[in-house]
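User: Hey, can you walk me through this structure? Keep it simple, please.
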Amino acid sequence: MKLLSIQTGIKKEYKKEEKTFESSYVKTKALLPQHIGAEGFEKDTQTDKRYHGGETKAIMVYSVDNYKFFQESLDLEKLSNGVFGENFSVTGLNESNVNIGDKFTIGEVIVEVSQPREPCWKVSYFLGHPDGAKAMYNSGKT
């Protein structure tokens, strides 16, 4: 496994059709060092903690190895690190070699895999493709 980048983000307001919504999905490259506690990065927010955040969903890790699949299947341009709202963009990890309970050391932090991502409609919104969340769910690349 190789850590390629770290991203954090804060809650912002977005517009979808005639409605507005708040989200912390959009992440930007984080300045180092970063303090990480039991509920994630100090300077990162999770807007809807029913589905994101808390001790079992504190940090979102995603493998850029999956980006090519989505670029090709959804006919997307090159994807940049953090496009799926992840905090850690990594390579060398995937659904066939990572299991719930696995632990990884990143710097001074031990990260334990607690569950796969449950993609919501925001994946589609931020990818700019109506089938983004469905493709992620159906592919198993979560």
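User: Let's start with E17. Where is the place of E17?
Analyst: E17 sits in the loop between β2 (12-16) and β3 (19-23). Strands here are DSSP runs of E with at least two residues, helices are runs of H or I with at least four residues, and both are numbered from the N terminus. One heads-up: this is a predicted model, so local features need pLDDT of at least 70 and side-chain atom pairs count only at pLDDT 80 or more, while totals for chains, interfaces and linings use all residues. Also, residues are numbered from 1 along each chain as its sequence is written, and side-chain values use heavy atoms, with hydrogens and water left out.

User: Ok. Is E17 buried or exposed?
Analyst: E17 counts as exposed because its relative accessibility is 67%. The cut-offs are under 20% relative accessible area for buried and over 50% for exposed, with partly exposed in between (1.4 Å probe, protein chains only).

User: What about the phi of E17?
Analyst: E17 has a positive phi of about 55°, though it is not a glycine. Most residues other than glycine have a negative phi.

User: Now D75: what is its phi near?
Analyst: The phi of D75 is near 55°, a positive value, and D75 is a residue other than glycine. D75 lies in the loop between α1 and β8 (88-91). With a relative accessible area of 69%, D75 is exposed.

User: Switching to helices. Which residues of α3 are buried?
Analyst: In helix α3 (residues 132-139), the buried ones are G132, A133, A135 and M136. They cover an arc of only 165° around the axis, which puts them on the same side of α3. That arc is the one made by the directions from the helix axis to the C-beta atoms.

User: And which exposed residues are on the face turned away from that side?
Analyst: That face of α3 carries K134, Y137 and N138.

User: What do the buried residues of α3 pack against?
Analyst: They pack against β7 (61-63), α1 (67-73) and α2 (121-127). Contact means heavy atoms within 4.5 Å.

User: What follows α3?
Analyst: G140 does, and its phi is positive, near 80°. T142 is also in the segment after α3.

User: Which residues is T142 in contact with?
Analyst: Leaving aside neighbours within four places in sequence, T142 contacts Y62, E95, P116, R117, P119 and M136. T142 and V61 are 81 residues apart in sequence, and their C-alpha atoms are 9.5 Å apart in space.

User: Let's hop to T8. Where is it found?
Analyst: T8 is in strand β1 (residues 2-8). T8 counts as buried because its relative accessibility is 10%. Not counting residues up to four places away in sequence, T8 touches V26, K27, T28, A30, Q34, F41, K43, D44 and N87.

User: Zooming out, how many helices and strands does the protein chain have?
Analyst: The chain has 3 helices and 10 strands. From the N terminus on, the order is β-β-β-β-β-β-β-α-β-β-β-α-α. The radius of gyration is 15 Å, close to the 14 Å that the globule rule gives for 142 residues, so the chain is as compact as a globular protein of that length. That radius is taken over C-alpha atoms, and the rule is 2.2 Å times the number of residues to the power 0.38.

User: How much of the chain is made up of buried residues?
Analyst: Buried residues make up 39% of the 142 residues.
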